[in-house]
Amino acid sequence: MDITPIIPGDRKIIDGYGPGLFRISGEVYRSAVWVFPDEVRDWSVTSVDQMDADSLSLAGEKQAEVLLLGMGPKMQLVPSAVKQALRAQGVGLEPMDTGAACRTYNILMAEGRRVAAALLPIG
C-alpha cells in the first residue's frame with residue numbers, strides 16, 4: 001500500500017540542504033531563504049543575531065499559521081519580544097535547527113498547512 005501523500009506539482013518542497021545551500025523543488029539556493037508552499041524568497045538575514053520581529057514579519061504578511069525557524073546547525077533561543085510580535089500577527093513560532101525545520105516544513109506542507117520556513121544555512 002502506497003502511503004505517500006499526493007503533493008501538487010506547484011508546491012515548494014525542500015529536496016535537500018548542506019553547508020551553505022538549499023535545494024528546493026530542484027533549484028539550488030546559496031543563502032538564507034524563506035520557503036512557502038507557493039514560493040521561495042531570498043532572506044537577507046545571515047545570522048541568528050540579525051533576527052528580530054521585522055526580519056520575520058513576512059510570515060504574518062503571507063498569513064502563515066506556523067513559522068519554522070531554521071537557526072543553522074543548532075537551535076538557539078529566540079527573544080520573547082520576537083515571539084510576541086509574531087503571535088500578535090497570528091503566527092506560531094517554532095525555532096529548531098535547520099535540518100529539523102526542513103523536514104518539518106515538508107511534512108506540514110504535505111498536510112496542507114499554512115506553513116512558512118525561514119532558514120539559515122547550516123554552515
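A residue is called buried when its relative accessible area is under 20%, exposed when that value is over 50%, and partly exposed in between, using a 1.4 Å probe and protein chains only. The model described here is predicted, so local features need pLDDT of at least 70 and side-chain atom pairs count only at pLDDT 80 or more, while totals for chains, interfaces and linings use all residues. Residues are numbered from 1 along each chain as its sequence is written, and side-chain values use heavy atoms, with hydrogens and water left out.

Gly16 is part of strand 1 (residues 14-18); strands (E, at least two residues) and helices (H or I, at least four) are DSSP runs, numbered from the N terminus. Leaving aside residues up to four places away in sequence, Gly16 touches Phe22 and Arg23, where contact means heavy atoms within 4.5 Å. Val28 is twelve residues from Gly16 in sequence, and their C-alpha atoms are 9.2 Å apart.

Helix 3 comes next. Its 13 residues (98-110) span 18 Å from first C-alpha to last, close to the expected 18 Å at 1.5 Å a residue, the expected span being 1.5 Å times one less than the number of residues. Among the buried residues of helix 3 are Cys102, Tyr105, Leu108 and Met109. The buried residues of this helix pack against strand 1, strand 2 (21-24), strand 4 (33-36), strand 6 (66-71), strand 7 (92-96) and strand 8 (115-120). At the N-terminal end, helix 3 is capped by Asp97, with a side-chain oxygen 3.1 Å from the backbone nitrogen of Gly99. After helix 3 comes Gly112, with a positive phi near 85°.

Ser25 has a phi near 50° and sits in the loop between strand 2 and strand 3 (27-29); its relative accessibility is 36%, so Ser25 counts as partly exposed. Gln63 has a phi of about 60° and belongs to the loop between helix 1 (58-61) and strand 6. With a relative accessibility of 58%, Gln63 therefore counts as exposed.

Finally, the largest pocket holds about 230 Å³ of space. A pocket is an open set of points on a 1 Å grid over the protein atoms alone, where a 1.4 Å probe fits, with protein on both sides within 12 Å along at least five of seven lines; lining residues have an atom within 4 Å of a point. Of its 15 lining residues, Arg11, Pro37, Arg113, Arg114 and Val115 lie nearest the centre of the largest pocket.

Key
Points joined across faces, edges and corners; volume = space filled by probe spheres on them. Polar contact = N/O pair within 3.5 Å; in protein donor to acceptor, adjacent residues only side chain to side chain.
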